[in-house]
Amino acid sequence: MLKLLGAALIISAATAAGWFQAKQYANRPVQIRKLILALRRLQTEIQYGYTPLPEALLRVGEQSGDPIRPIFASAASQMNAPLNYTAKDSLQRALDQEWKGTAMKAAEKDIMSQLSHTLGTSDRQDQFGHLATAVRQLENEEIVAREEQGSYEKLFKSLGLLFGAFIVIILY
Amino acid sequence: MDQSWLSVFPDTLRQLLAKLPEALFTELEEIRVREGRPFEVNAGGLHQFLTPDGEMTSVPSRAYHPDKQDTGRLLDLLTNHSLYTMEEELRKGFITLPGGHRVGLSGRTVLAGGRVEHLRDISGFNIRLARELKGIGDPLLPYLLDFRHRTVLHTLILSPPQQGKTTLVRDLVRLISGGSWRHPEARWPGKKVAVIDERSEIAGSKFGVPSFDLGPRTDVMDGCPKSEGMMMMIRSMSPEVLVVDEIGRPEDAEALTEALHAGVRVIATAHGTDVEDLESRPVLSKLIGASFFQRYIVLHRKENQLLFSIRDEQRRRILGVEEKEGRQRA
């Protein structure tokens, strides 16, 4: 009886792990899309609104929702008093602190990290160019993420269950 | 003194400034940051360098040399991390901070059609701390009064840069606007004053609101070209006294003449060391020739004392620098 209970526990845990992994694959392209939209909004704030960066990040973060909001809000708060970090440092720290809350991978983080070097430090036209580059790169990542979702989402869902069953069989 | 300006400095520079003795710190006028070159401060008219230990020295090689990171951080903080919101300021070469402090910038210009389009590779900063010295105009104002018309005379204030011209104008605006004429027989209310503050120096406006006390009846046109601003003010704000900084372009003379015909009194400033200097300058010599100005004030600064001499429309000396009344601590 106890054995049976243990086996059920293992199978359900493995299935849950598989589902979680599958969910990450499903979430990644959605979140990349959100990030792209957020950067487009930031482009508008900079190009047409002349909004200062901390305020623009807060506003765009608010509109974009999770998981973009915590990253942008954290960067904005580190730029403001009393910390007064530079735009680059603030954004990089925010990425380090908040990136684990997203389903996105290192490639997207690198793109954002590259963007941090130029954000806020040049004229509007230049900012527009840098943001456009970041958006293009993210769009490429989005395509990759969608392909991965297609191939791995279902796989991980079934793999979790199968792996659980496999362990149970061995232990039995 | 308000110390909010300290927050625009990166930690390294701020710590050096914080080590300055209290007496010097309160007398700070300029802080000059030049990338890879000695860190310089000007306190009470004395230019000296700051060592990494925060001591004053006159030996450049002993001074702290701000690096690229320092200037990068300084620019980032000065612009609120948003250089793109400052394009107009960069074109003009300076940024105004809250409190009316001004930061002059130098770097490499980007030209478009022969005009400065943008400033990049910014490596030189001159942080000029604005000072409000109430009462500095007190001994002067009685000489500028027009008792017949119960107002002030057309006045031109002359001085080389860094002698307290703007500080004096600011105080005169406050006195005239508030009707404190500093003369027992002058008993008429304050005048409506219009300030054309092309370089945001007189009022130190931030978001259109002056940072300094300019009196109760003062309107400020911030960042506006002088000639255009004078016309706009005359047409729209019915000023009785017009105040402009640093006149010298042909269109300025035209606008001043217009103001004269509109019955508006003018107080203007110009760079120069003496009234005779002006004769060699095309626009100003024309104005002097036409006896436009009724009073000329020439400023000198000597060991923290602001000295001035006053001349009338025939350029006769009314009050000289040597006279005691002409002294006022700056």
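Two strands count as paired here if DSSP finds at least two bridges between them. With that in hand, I opened this predicted model and started on chain B.

**Entry 1: the sheet in chain B**

I looked up how the strands are arranged and found an open sheet of seven strands, in the order 4-3-2-1-7-6-5, with antiparallel pairing. Strand 4 and strand 5 (94-96) of chain B are the edges, each pairing on one side only.

Next I went along part of the sheet. Strand 1 (residues 28-34) of chain B pairs with strand 2 of chain B in the antiparallel sense over four bridges. Here I noted that Leu28(B) has Ala43(B) in strand 2 of chain B as its bridge partner. Strand 2 (residues 40-43) of chain B is in turn joined by four bridges to strand 3 (residues 46-50) of chain B, again antiparallel, and Glu40(B) stands opposite Phe49(B). Strand 3 and strand 4 (residues 56-57) of chain B share two bridges, with Leu50(B) opposite Met56(B).

I then checked the turns. The hairpin of strands 2 and 3 of chain B has two residues between the strands, and Gly44(B) in the turn has a positive phi of about 55°. The hairpin of strands 3 and 4 of chain B has five residues between them, with Gly54(B) at a positive phi near 85°.

**Entry 2: helix 1 of chain A**

I wondered how far apart the end C-alpha atoms of helix 1 (residues 2-47) of chain A are. They are 66 Å apart, which agrees with the 68 Å that 46 residues should span at 1.5 Å a residue. I also found a bend of about 30° at Asn27(A), with Pro29(A) following within four residues.

**Entry 3: salt bridges**

The structure holds 37 salt bridges over all chains, and I picked out a few. Arg28(A) and Glu148(A) meet at 3.1 Å, N to O. This pair links helix 1 and helix 6 of chain A, 120 residues apart. Is Arg28(A) buried or exposed? Arg28(A) counts as buried because its relative accessibility is 5%, while Glu148(A), at 22%, is partly exposed.

Glu55(A) and Arg59(A) form another salt bridge, at 2.6 Å. They are four residues apart in helix 2 (residues 53-64) of chain A, so about one helical turn separates them.

**Entry 4: a nonpolar patch**

Last, I looked at the surface of chain A. Tyr152(A), Leu155(A), Leu159(A) and Leu162(A) form a nonpolar patch with about 360 Å² of accessible area together. I located Leu162(A) in helix 6 (residues 124-171) of chain A, and at 54% relative accessibility Leu162(A) counts as exposed.

Key. Residues are numbered from 1 along each chain as its sequence is written. Chains are lettered from A and ligands numbered from 1 in the order in which they are written. This is a predicted model: local features need pLDDT of at least 70, side-chain atom pairs count only at pLDDT 80 or more; totals for chains, interfaces and linings use all residues. Side-chain values use heavy atoms; hydrogens and water are left out. The expected span of a helix is 1.5 Å times one less than its number of residues. The bend at a residue is the angle between axes fitted to the seven residues ending there and the seven starting there. Patches are made of residues with over 30% relative accessible area and no salt bridge: like charges are joined within 9 Å, nonpolar side chains (Val, Leu, Ile, Met, Phe, Trp, Tyr) within 5 Å. Accessible areas come from the Shrake-Rupley method with a 1.4 Å probe; for residues, only the protein chains shown count as cover. A salt bridge is a side-chain nitrogen of Lys or Arg within 4 Å of a carboxyl oxygen of Asp or Glu. Buried means under 20% relative accessible area, exposed over 50%, partly exposed in between (1.4 Å probe, protein chains only).
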